[in-house]
Amino acid sequence: MLRTARALAHEVGVEAVTPGSGAALRLLAAAGNARAVVEIGTGTGVSGVWLLRGMRPDGVLTTIDVEVEYQRIARRLFQEAGFPSGRTRIITGRALDVLPRLADGAYDLVFVDAVATGFAAYVDAALRLLRPGGVLALNGALAAGRIGDPAARDAETVTVRETIKAIRESEHWVPALLPVGHGLLAAVKA
């Protein structure tokens, strides 16, 4: 089923999380006994399935994306994976417009799988949304392998570097960079 979802993602031009990143997301959701998760960037639902598999059986995944077509595919994938429709809340819109409407301190995990140039705003939103002990996970933290190359100065790489530095230096987060997939920065809200 995830193989089919990956093929659909490729077909519509979306890069799905790798199996290693998916397993890490499932682990983070399970370790935190997650009941309420926010996903920024639904894609075709691959990461959502991983998150749902790690969450409590009564948990709800709130997933946000601007692309209605991706969400239609994701909705079908969640159903085929055996998750009842009540386990997902699929919201179409720009994440930065939707996130302010979500409750403060009500979430166990926030997963960001979106364009890196928005990372700083998503980290700020996650700090508000997460309960103490909640987890932030940023996909793409290795910036396609450019993160360690000092000559790489493109906007995406610079943003990722700045975001990692800000999280590492913040008193609000306990971070770790997991070298799975395209890099997963995981940080626990202090």
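Biologist: Does Asp 108 count as buried or exposed?
Modeller: Its relative accessibility is 12%. The scale calls a residue buried under 20% relative accessible area, exposed over 50% and partly exposed in between, with a 1.4 Å probe and protein chains only. At 12%, therefore, Asp 108 counts as buried.

Biologist: What kind of model is this?
Modeller: Residues are numbered from 1 along each chain as its sequence is written, and side-chain values use heavy atoms, with hydrogens and water left out. Local features need pLDDT of at least 70 and side-chain atom pairs count only at pLDDT 80 or more, while totals for chains, interfaces and linings use all residues, since this is a predicted model.

Biologist: Which backbone nitrogen does the side chain of Asp 108 reach?
Modeller: Asp 108 is part of strand 4, residues 107–112; strands (E, at least two residues) and helices (H or I, at least four) are DSSP runs numbered from the N terminus. A polar contact is a pair of N or O atoms within 3.5 Å; within protein, one must be able to donate a hydrogen and the other to accept it, and residues adjacent in sequence count only if both atoms are side-chain atoms. At 2.7 Å, the side chain of Asp 108 reaches the backbone nitrogen of Arg 35.

Biologist: Which backbone nitrogen does the side chain of Asp 65 reach at 3.0 Å?
Modeller: Asp 65 belongs to strand 2, residues 60–65, and counts as buried at 11% relative accessibility. Contact means heavy atoms within 4.5 Å; beyond four places in sequence, Asp 65 has such contacts with residues including Gly 41, Tyr 70 and Ile 91. A polar atom of its side chain also lies 3.0 Å from the backbone nitrogen of Glu 67. The backbone nitrogen in question is that of Thr 42.

Biologist: The side chain of Thr 163 has a polar atom 2.8 Å from which backbone oxygen?
Modeller: Thr 163 sits in helix 7, residues 155–169, and is buried at 7% relative accessibility. Beyond four places in sequence, it touches Phe 119, Ala 120, Val 123 and Leu 138. The backbone oxygen at 2.8 Å is that of Thr 159.

Biologist: What arc do the buried residues of helix 1 cover around the axis?
Modeller: In helix 1, residues 2–12, the buried residues include Leu 2, Ala 5, Leu 8 and Ala 9. The arc is that of the directions from the helix axis to the C-beta atoms. These residues are on the same side of helix 1 because they cover an arc of only 115°.

Biologist: Which helices do the buried residues of helix 1 pack against?
Modeller: Arg 3, His 10 and Glu 11 are exposed on the other side of helix 1. The buried residues pack against helix 3 (46–54) and helix 4 (68–80).

Biologist: In the largest nonpolar core, which residues touch the most other members?
Modeller: A nonpolar core is a set of buried Ala, Val, Leu, Ile, Met, Phe, Trp, Tyr and Cys residues joined through side-chain atoms within 4.5 Å. The largest has 31 residues, and those touching the most other members are Leu 109 and Phe 111.

Biologist: Which helix gives the most to this core?
Modeller: Helix 1, helix 2 (19–31), helix 3 and helix 4 are among the elements that each supply at least two residues. With 5 residues, the element that gives the most is helix 3.
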